Amino acid sequence: MDLPDVGIPPQLARRMSMAEQHEYLRTKLTRRRTLVTAGAVAGGLLTGCSTDGNGSSPRTAASASATGRAPGSAVVPFGRHLAFGADPRTQMRISWQVPAAVRKPYVRIGARPDDLGRKVEAEVRDLHTPGVTGVRPTLDQYYVHAALDDLLPGTTYYYGVGHDGLDPAAPEHRSTIASFRTAPTRPEKFVFTAFGDQGVSRAAAANDDILLKQDPAFHLHAGDICYADVNGRGEKADGYDPAYWDLFLKQNEQVARSVPWMVTTGNHDMEAWYSPEGYGGQLARWSLPDSGFDARRAPGVYSFVYGNVGFVALDANDVSYEIPANLGHTGGKQTAWLDDRLGELRKAVDFVVVFFHHCAYSTSAHASDGGVREEWLPLFAKHQVDLVINGHNHVYERTDAIKGGEVGRRVPIGASTDPTRDGIVYVTAGGGGKDLYGFPEGAKESYEGRVRDVDSVDTFQWTKSRSTKAETVEWSRVRYRGFSLLKVEAESGSAPRLRVSALAQNGERIDHFEVRRGT
């Protein structure tokens with residue numbers, strides 16, 4: 001058996017802090033490696049993962065097979081997920097998981113599914129989670145990443161993932177071939193979708209189904225991705241089962257293998273077992289755009305441009321008053337980067353969309369985070385951000401246009417708003433699949449087909465002392481307690497606009513409005 005390489009792949013090392021590199025090397029040097037028995041292979045333990053449909057009692061290949069090396073032909077990749085590079089026109093990142101160590105992983109890519117002539121090497125980022133007696137076994141997980149650059153804009157590519165012993169171009173594996181499409185050179189109409197707080201469940205899988213029917217160019221995930229960390233406090237005392245990531249990636253593969261899955265970080269994504277900030281797991285599992293921010297400390301902070309819209313992902317754990325495990329962990333660098341990046345995007349595109357986890361404005365269970373409001377809302381106003389998307393509260397809630405902390409303009413269902421004049425609309429899209437929340441007493445649901453306007457809602461915001469401050473608000477315009485997702489159609493040309501809709505899990509529309517600038 002070959003001894004494990006204890007070095008850090010250069011591409012990964014550049015994204016890691018010294019503390020993360022220390023943890024990476026320490027776990028690689030101390031982990032126990034054993035061969036996978038022939039009985040485990042024959043028993044089908046290396047073919048992915050399974051679930052009972054409700055996301056309970058996960059059993060993964062890695063936990064069953066320890067961490068040895070199996071014959072390459074027996075190790076079946078799963079959990080493919082895409083993400084854009086810094087330039088969605090020419091760069092794509094393909095990621096996947098293997099349930100045991102493999103040699104020389106790679107991607108085959110081509111213009112036709114029967115002609116995958118280009119071969120791109122991939123890197124393995126393995127993740128070791130020590131066991132807890134009586135709670136969870138020791139688990140080694142293997143995530144593989146390939147960087148595809150120099151692609152042609154507006155082009156459909158076909159790809160397959162493999163390694164020594166498994167060639168995706170072989171006839172017996174051609175059913176696994178998937179495809180993706182790069183962004184066009186010039187702006188044209190496109191659709192993107194968004195939600196947060198997904199997890200592993202029948203509801204989460206059903207949301208994936210309705211998402212696919214929208215034919216999005218990509219999907220935004222506003223954090224609380226998997227819920228392997230149950231408590232979401234960012235502490236080692238949190239309940240944690242990394243095997244849920246296997247289930248999550250398997251569940252979402254039907255979408256994420258062809259739709260770039262652009263994630264950011266929620267409180268349940270701080271996993272304290274891997275690095276001081278808790279983002280070692282995220283660095284291992286995802287390859288996200290490198291857009292100038294220190295991705296080693298906050299991999300969920302980045303930006304990209306697609307068509308006539310600029311997108312900015314933020315790590316709200318850095319500014320959250322409610323859950324302060326990572327409060328201030330970038331030392332103000334994220335906010336400074338945000339100011340600069342919004343200024344650059346405002347000059348280059350028609351619209352700017354910002355997405356992150358903790359809510360700036362919501363009346364549901366977690367309500368509003370005063371840290372988000374204090375740090376970022378002045379910058380959103382300064383640069384006239386056009387749309388803000390949050391998760392955290394497991395509902396759909398949409399505000400009127402907010403200006404200076406108050407209603408700048410009412411935006412009833414079907415209305416149009418102009419951020420240059422009216423202020424910014426904030427959307428909480430937290431109905432991705434996790435258990436649902438409700439609204440305060442007196443704040444009845446109000447959505448398309450069932451409008452029940454209220455003059456005001458009694459709610460609260462979180463303060464720096466982790467206490468709550470009561471507030472009565474008039475900006476809560478649409479409220480829906482159900483699984484849902486956001487669909488946005490971006491149009492360019494002489495009259496650019498964002499047509500924003502919210503869809504219930506049965507496909508019915510529960511909200512819609514338009515964003516137009518300078519109208």
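Colleague: Is Cys-359 buried or exposed?

Modeller: This is a predicted model, in which local features need pLDDT of at least 70 and side-chain atom pairs count only at pLDDT 80 or more, while totals for chains, interfaces and linings use all residues. Residues are numbered from 1 along each chain as its sequence is written, and side-chain values use heavy atoms, with hydrogens and water left out. Buried means under 20% relative accessible area, exposed over 50% and partly exposed in between, with a 1.4 Å probe and protein chains only. Because the relative accessible area of Cys-359 is 1%, this residue is buried.

Colleague: How many disulfides are found in the whole structure?

Modeller: Cys-226 also counts as buried, at 1% relative accessibility. A disulfide is a pair of cysteine sulfur atoms within 2.5 Å, and the number found in a search of the whole structure is zero.

Colleague: Which residue in strand 9 stands opposite Ile-109?

Modeller: Strands (E, at least two residues) and helices (H or I, at least four) are DSSP runs numbered from the N terminus, and two strands pair if DSSP finds at least two bridges between them. Strand 9 (residues 156-162) has five of its seven residues buried, and strand 5 (residues 106-110) pairs with strand 9 in the antiparallel sense over five bridges. The residue of strand 9 opposite Ile-109 is Tyr-159.

Colleague: Which residue in strand 10 stands opposite Tyr-158?

Modeller: Strand 9 and strand 10 (residues 178-181) run antiparallel and are joined by four bridges. Opposite Tyr-158, the residue in strand 10 is Ser-179.
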